[in-house]
Amino acid sequence: MKIIGMLTSGGDCQGLNTALRGVAKALYEVWQDDVKIIGFLDGFRGLMENDIRIMQPRDFSGILTVGGTILGTSRQPFKQMLDPLDPLRDDSPTKLKAMVETANAHQLDALVVLGGNGTHKTAHLLSEKGVPVVSLPKTIDNDLWGTDITFGFQSAVNIATDVIDSIHTTATSHGRVFLIELMGNKAGWLTLHAGVAGGADVILIPEIPYDLDIIIEALEKRQRQKKKFSIIAIAEGAISKKEADMSKKERRDARMDWHYPSVAYKVAHDLEQKTGQEIRVTVPGHYQRGGTPCPFDRVLATTLGTAAASLIQKETFGYMVGTRQQKIKAVPLAEVAGRRRDVPEDDLLVQSAKALGVSFGN
Ligand code: F6P
């Protein structure tokens with residue numbers, strides 16, 4: 001009997017259930033009754049506290065198109081669940097030990113971990129401790145090192161683009177400037193792709209710090225062209241050039257004095273003050289992470305899920321299954337952990353948007 005553990009960790013996204021289904025169905029197909037799947041509930045919390053659900057083949061039916069995660073999730077443990085005995089340590093060995101003990105107690109033949117950046121740090125630590133980990137890349141942010149794309153991203157791009165499309169019509173009617181704040185605290189992939197797909201006039205992402213005056217120039221240029229409205233797609237993690245020169249702490253402290261719920265409101269206020277134009281803000285927030293995975297993500301999550309099952313059958317552990325140039329690629333967890341894939345300034349889409357006249361505020 002093979003015993004396989006599964007967990008989903010970090011912020012949810014579309015395609016998690018699809019991927020779980022892909023792994024499970026492929027394992028049942030080969031091992032049939034000789035495989036037992038244990039679901040650890042709410043991510044690493046379930047592994048730490050041995051909170052489990054014994055899965056049956058029927059649990060993986062009917063979930064191909066279902067958003068969220070049937071296993072539940074929580075943020076990765078080292079920041080939010082500090083060891084009370086050693087609160088200053090971010091990588092509390094006690095918690096890691098608890099997780100390893102649970103994995104060993106179940107005599108896991110493999111532990112399938114679905115997650116983003118934070119998750120992969122923990123997955124790597126577990127792997128170093130001998131837990132047979134295989135991981136899958138999920139996040140709407142698309143910022144995981146070692147893969148060209150993560151599942152969840154394309155579904156979020158579709159939703160964010162729909163939002164921009166809808167805002168376009170009302171912005172046109174009223175001749176207003178709209179800021180649409182999209183998710184992406186550290187990486188701007190979602191804002192970049194949705195911004196280009198939705199025809200945004202200005203795209204502001206964390207990787208390219210903005211200068212308010214340059215944004216104003218872009219808006220004025222549109223006014224001179226007799227364009228009554230403008231659309232600014234702004235990532236929630238966008239920062240100004242001034243902020244880019246500050247340390248992380250200085251930036252955090254400076255933002256403590258803000259009276260704005262988020263960056264879009266701050267930029268909207270500053271623009272209104274300086275231009276006198278009527279500005280509105282739309283923040284779709286977690287709506288971008290919800291609902292059914294788009295067909296692209298269903299295909300991607302299924303392909304990656306079955307590839308993970310195949311690694312498990314070959315007893316190849318310590319890898320994340322990603323894609324590189326449209327091919328499946330197993331990447332060592334050591335390579336993925338602690339690294340982020342940001343939008344490079346020479347990114348093809350950035351260049352293409354610039355060629356159209358889109359301003360990045362820099
Ligand atoms: O990492 C995915 C993500 O949706 C980010 O884009 C966003 O900054 C963050 O999660 C939001 O986290 P939470 O769901 O904890 O509010």
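The lining of the second largest pocket comprises nine nonpolar, eight polar and four charged residues (Ala, Val, Leu, Ile, Met, Phe, Trp, Tyr, Cys and Pro count as nonpolar, Asp, Glu, Lys and Arg as charged, and the others, Gly among them, as polar). The model is predicted: local features need pLDDT of at least 70 and side-chain atom pairs pLDDT 80 or more, while totals for chains, interfaces and linings use all residues. Residues are numbered from 1 along each chain as its sequence is written, and side-chain values use heavy atoms, with hydrogens and water left out.

About 500 Å³ of space lies in this second largest pocket. Here a pocket is an open set of points on a 1 Å grid over the protein atoms alone, where a 1.4 Å probe fits, with protein on both sides within 12 Å along at least five of seven lines; lining residues have an atom within 4 Å of a point. The volume is the space filled by probe spheres set on the points, which are joined across faces, edges and corners. Of the 21 lining residues, Asp148, Ile149, Phe296, Thr323 and Gln326 are the closest to the pocket centre.

Turning to the ligand, its surroundings consist of Arg75, Ile140, Asp141, Met183, Gly184, Asn185, Glu236, His286 and Arg289 (a heavy atom within 4 Å). By class, this shell has two nonpolar, three polar and four charged residues. Polar side-chain atoms lie 2.5 Å from a ligand oxygen atom for Glu236, 3.0 Å for His286 and 2.8 Å for Arg289 (polar contacts are pairs of N or O atoms within 3.5 Å).

Definitions and conventions
Polar contact = N/O pair within 3.5 Å; in protein donor to acceptor, adjacent residues only side chain to side chain.
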